[in-house]
Every structure is written in structure tokens, then in C-alpha cells.
Amino acid sequence: MKFNKHFWIKLFVIALHANEIFAAFSGLYVDNGKGQTVIERFISRKEKLKFEREMLSILGLPRKPRKVFNSSELETSAPKFLLEVYKSLEGSEVENDFNLGSDDYRSVKESDAIMTFLSHTDHVNSVRHEKGKRLWFDVSDVPVGDTIVNAELRLYKQLNSEMMDDTKCTINVYQVVLDLNGDKQLEFVDAVNVTGDYEGWLVFNVSSPLLNWVAFPTSNKGLYFSVHKHLKSLHEIHPENLGIISTSSSDGESQQPFMVAFLKYGANSQKAKIRRIRDTTVRRKKKIEGSSNQKTNPFYAPESPWSLRNCQIQTLYVNFKDLNWHEWIIAPDGYAAYYCSGLCDFPLNAQMNATNHAVVQTLVHLVSPADAPKACCVPTKLGSIAVLYYLEDNNVILKKYRNMIAKSCGCH
């Protein structure tokens, strides 16, 4: 059977329109009671956008970041560092390429969000010293109300043919400040001793400068670091003579200097988040109570097979690719949220994980249904997830979100 060229063109056009149709509609998938996930119905673009707004609100984002990354960017030092931290949080084995120590893991555990910042060479002007290097980081995305648990500057030292022995050197980091006359001055921040035959990441504590920059944004004039050999006098040398990478290296950007901030949510940001969740819950509750067509919702349809079971945990997976969030979310691809569904009818057996209060409420409901409603099937244990994503520019953030996964269910 022969096909002419015009037929193939028409077929290709039809295929393109089909892709647009399927891109505009996503499906609502549910458990059919037989251990299978099936599509209940397609959701419209309007419903999808509303769901996206609600999810962004939960994530604490005013809008979807416009950043679109490609896989090569994950080889850059900052996102590569956070990807290693993310894997450690997920319990995966990591190679520890970034020399993560006990202090780092303690900071990771204590923090709610971890942000990284790549250096910007276009903001750097010379200072009175010539041999050292100056770095500048855009930290405007750090919320003012958050607590800085820790902040680090990370510099990579590679082996250099000029100095590959055990010669000792000191690397000093300073904050660039302006004096009363407007001249640039240096304030000491931290120092690390290293030998010429060492290769790897060097870590400096820069919590104090970051605290100043967040409180007073115009004071951010960057950092300055210098290298001194341990001779009778601390002779200053060029950082590259020791093998310190101060810009993108010839091997790519995997060794580019970056800064990392470990943050804990402040009281104001927590209140705002709680208020957003409360408002969302109230709106959802009003909509459910005011809806006259609950049969269109599979979770409320009395004839649905999953509504006839006793209270138990059900499968629910949120796929970020369905929302086109894979363009700015590095990890994960999505997450298993789960949900609780089923009946809390008398008698409440042990499998229903019912509280004593739920048992009493059920008994009262049996005697007088108008005085007390049935007990509800709700999550009894919730888990958290970590999400690694790009912000508006090249800054990368790893956030922990609590109470995002239903771990177990019960009648309450």
C-alpha cells in the first residue's frame, strides 16, 4: 500500500494536534480496589492550573520559577553539591566529593532550607590588594525573617605543578566593607591551613557576612581571599599558584566557588505558611460543603469501590512532569503522597487504628445520628519530602516540606 507525501504531512499535523490535546489535559488516577491504578477522568486545563496554584502555595512559592535548566547544569558545583545533600537525605549512598563533615550534616539536619549561590564576576571590582581574589554572591533570595544556622564559602584546591609538596599555606577570607570615607576595607572572617599536596574542597565559615548582607543588602560588597606561604613572613602568593580555583575551571564549572546557606524558617514565615494552608483548607471545605454534585468526585461517590472499604491507606502519586515542573525541579520527579479513604463504621476493629474517642463517637452516632457524625478516616502519621529546585536565576535551593506524605491512617 503506497502513501503519498501529502498523506504523511496530514498525519504529522494530526499527531501534533494530538500532543497539544494530551498536553492540555491530565488525568485523575485512582486505585480501583484490585491493586491497579486506573484513570477516573481527564481534568481540564482550568482544573490543572488551579491544582498548580494550590501546590505552589503549599510549597511557599508565589509563582512557578521561570528557570529552565538542562542536564549539563547539574555538573555545576552548587547544584551538584545540593544533589549530593539531597541523596544523603533520601538515604542513598554518596561519594562525598564535597568533603561533607559532621558539622555539615548537623547543619543539614537542623535546617529547613539550604540555598546555594554561585559567584558573579561581573559585580567584582579591584581592591587595594592585587594578588588575592574577590568574590560576589547574590543573596537577595534569602528571607529576612529566617535564621541562619550556618553559611559556608567553598573553594576547590587542585594539584598545581608549582607546589605539589607539603609546603604549608594559609588561606584567609575577608569581608569587603566600606569605611566612613567610602573606601574599601577588609574585615577578617575565617582562615584555613592547607598543604600544597592536598586536593579537594576547602570550607570557610561565612555566617557573619551573610547575616550582614541579609539585614543590610547594600552592604554586600563581596568577599576577598588571599593565600600566604608559611615562611618567616607570611608571603602572599597568587591563589592559582597553590591551585585554588577562583572562576570556572578548564574542566567545566564543577569546581567553581560557591556559597551555601543553611536556613531555619523564622516565626513570620511559619505564620504565613500556616495562614496559607488554613485559608486553602477553609476554601476547600466550603467548596465541598456547598457542592451539590459530589458524585462527580470519585472520592465522594458512594458507588465507588474504594469508598466501600474500611479505613486504610490508598495510593496517590503526584508527578511533577504532569505540571511541567520538571523544567525547574531537579529532584524528585514526583512523590508518593498517599491518602486515607474508607469507612469508619461500627464495629471499629484493630485494623482501623481507631482512637478511643472515635469508638465513643461511633457509639453515640449509632444511638443518635443527629448528635454526632461518624468518625473520619484520616492520616495518623505524616512524613516529609525534600525538593531540590532552581530559583529565578542560577541559585539553587533544597527545601524540606513537612506533613506531605500520609504514612498511616486511622479512624478519628
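**Exercise 1. Find which residues Trp-325 is in contact with, leaving aside its neighbours within four places in sequence.**

Solution. Start at Trp-325 and skip the residues up to four places away; what remains in contact is Glu-52, Met-55, Leu-56, Leu-59, Lys-64 and Phe-320. Keep in mind that you're looking at a predicted model.

Next, check burial. The cut-off for buried is under 20% relative accessible area, and Trp-325 comes in at 0%, so it counts as buried.

Now zoom out to the core. Trp-325 is among the residues with the most contacts inside the largest nonpolar core, which has 53 residues. Leu-153, Ile-171, Leu-210, Leu-242 and Tyr-389 are on that list too. A second, separate core has 26 residues, including Phe-81 and Leu-398.

**Exercise 2. Work out where Ser-77 sits and whether it is buried or exposed.**

Solution. Then look at its accessibility: the relative accessible area is 0%, so Ser-77 is buried. Finally, see what it touches beyond four places in sequence: the list includes Phe-98, Leu-118, Trp-201, Glu-253 and Phe-258.

**Exercise 3. Two of those contacts, Trp-201 and Phe-258, also touch Ser-77; describe how their rings pair.**

Solution. Begin with the geometry. The ring centres of Trp-201 and Phe-258 are 5.3 Å apart and the planes make 70°, so with edge-to-face set at over 60 degrees, this pair is edge-to-face.

Then ask what the pair connects. Trp-201 is in strand S8 and Phe-258 in strand S12, so the pair ties together parts 57 residues apart in sequence. Trp-201 is buried at 4% relative accessibility, and Phe-258 is buried at 0%.

Trp-201 and Phe-258 join Phe-81, Phe-98 and Tyr-156 in a cluster.

**Exercise 4. Decide where the buried residues of helix H5 lie around its axis.**

Solution. List them: Ser-207, Pro-209, Leu-210, Trp-213 and Val-214 are the buried residues of H5 (residues 207-215). They span an arc of only 160° around the axis, so they are on the same side of H5. Their cover includes strands S5, S6, S7, S8, S9 and S12.

**Exercise 5. Identify how strands S3 and S18 each pair with S19.**

Solution. Take S3 (residues 113-118): its pairing with S19 is antiparallel, over four bridges, and Met-115 stands opposite Ile-397. Now S18 (residues 377-390): twelve bridges join it to S19, again antiparallel, with Pro-379 opposite Cys-409. As for S19 itself, twelve of its 16 residues are buried.

Methods. Residues numbered from 1 in each chain as written. Predicted model: local features only at pLDDT ≥ 70, side-chain atom pairs only at ≥ 80, totals over all residues. Heavy atoms only, no water. Core = buried A, V, L, I, M, F, W, Y, C linked by side-chain atoms within 4.5 Å. Buried < 20%, exposed > 50% of the residue type's maximum accessible area, 1.4 Å probe, protein only. Contact = heavy atoms within 4.5 Å. Helix = DSSP H or I, 4+ residues; strand = E, 2+ residues; numbered from the N terminus. Arc of directions from axis to C-beta. Pairing = 2+ DSSP bridges. Phe/Tyr/Trp six-rings, centres within 6.5 Å; stacked < 30°, edge-to-face > 60°.
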